[in-house]
Amino acid sequence: MQIDFCAPGGWVDQLGEDVSNTRSVIEPIRAILNVARDAGLTVFHTREGHRPDLSDLPANKQWRTRAHGLGIGDRGATGRILVRGEPGWQIVPELAPIAGELVIDKPGKSSFHATDLEDQLRSRGLTHLVITGVTSDCCVQSTMRDAFECGFECLLLEDCTAAVETRNHVATLDILKAFGGRWGSVATSESLLRALGADSLV
Amino acid sequence: MSEAGVESCFPQIAANPYPWPFDGRWSVGTTAYLLFGFQTEAIATLDAAEAAAVAGRILAAVRSARIRVIFSRRTLGAGANPMASRHGGENVPPNSGIADALAPRRGEPIVDHAGDNAFLRTDLAAQLRVAGIRNLLIAGLPTDGLMHASMRAANDHGFECLAIADACAGTQIGFHEAQLRITAFGNGLFGAVADSAAVLAALKAPPSSKG
């Protein structure tokens, strides 16, 4: 949930794409985040980004994004696009991590690729993951698939995830819901809040 | 390799959203053809005989060009992660063999994996790196399962991927089409997509030296 993906002035917005979909989930995610914090759940944030020298950026990934006129590593209105430490790479202020929360910096789409997320989860004995964030068709789908395969029990909150294109979002949810939830389950915030006994808080 | 040690490149393949590969350079030495999950039960369950036949035509052309071929196979062996089958909601049954028509030949490795992602806890990425492979031609079943989970991982590893659309089949046509549309979104989030005809045309064209 980074400025480059979800906020006015961020990378996607600078490309002239519509950020209303990715932006629309900030408030629903904030509601879940608040309840999760109150309930004492462990909170992980992930940030897609690359080292300032771009040594972890595949050439094809840079080329594909530069075709839009402003690619990863290029300087835009919010600093260098998807480069660690830059303003646009930060998590949106509404969902900013607080002390004690874990932040996973990832160079790929899957949060498990080239990160220590699996070790961080295992060392805390965590087995169940509630997943929110953007974009559903890209990073969320890759992450949920890998989480499932690593043995984690996943719950994706469908009102807390979105894609730039609505039809790709809808198709992703249809795929993830098929086969009785082969990769995990899909639910609404409301059902999670009810299960946490917190439905009266929002 | 040419005598000068400079590899002859095939022409770029007409693909969506860009002519593949992105840098215009694919050759025998830098390219592998990956066949994900062409197992007899998967082909039967998905009614994917046509996609398997297309994958076979590519296989014949790739073999005669001496491009590296690697197969992947979903198996739930003793060492498999027990969680990988815990939901029971299988999209295709694991454990059957690779279809006879696509049978691997000597020197064509088979990668066994417990889940959908052929790169997870396997040596596939290491094999590709050691061989100097940068470009992947991809066929697989199902598009919305094993094939795309593996293509997503390949892309995260930095490989330049081309999904051969008619050499893949989904559990539903709509899921197949959606995953390929997502692949090409944003100028190729996960790579590019082409038909087998475009791949075969490029393989048959005389390679040119791009020193």
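Two strands count as paired if DSSP finds at least two bridges between them, and the helices (H or I, at least four residues) and strands (E, at least two) are DSSP runs numbered from the N terminus. The model is predicted, so that local features need pLDDT of at least 70 and side-chain atom pairs count only at pLDDT 80 or more, while totals for chains, interfaces and linings use all residues. Residues are numbered from 1 along each chain as its sequence is written, and chains are lettered from A and ligands numbered from 1 in the order in which they are written.

**Exercise 1.** Find the bridge partner of A:L157 in β7(A), and describe the sheet of three strands in chain A.

*Solution.* Begin with strand β6 of chain A, residues 153–162, which is joined to β7(A) by three bridges and runs parallel to it. In β7(A), A:L157 has A:A187 as its bridge partner. The open sheet has the order β5-β6-β7 in chain A, and its pairing is parallel. At its edges stand β5 (128–134) and β7 (185–187) of chain A, each with a single partner strand, so one side of each is left without a neighbour in the sheet.

**Exercise 2.** Work out the strand order of the six-stranded open sheet in chain B, and say which strands lie at its edges.

*Solution.* The order is β4-β3-β2-β5-β6-β7 in chain B, with parallel pairing. The edge strands are β4 (110–113) and β7 (192–194) of chain B, each of which pairs on one side only. Next, look at strand β6 of chain B, residues 160–168, which pairs with β7(B) in the parallel sense over three bridges. Here B:L162 has B:A192 in β7(B) as its bridge partner.

**Exercise 3.** Determine how many residues each chain gives to the contact, and which element of chain A gives the most to the side that touches chain B.

*Solution.* Two residues are in contact if their C-beta atoms, placed from the backbone, lie within 7 Å. By this rule the contact takes 26 residues from chain A and 28 residues from chain B. On the side of chain A that touches chain B, the elements giving two or more residues are α5 (59–66), α7 (136–149) and α8 (166–181) of chain A. The most comes from α8(A), with seven residues.
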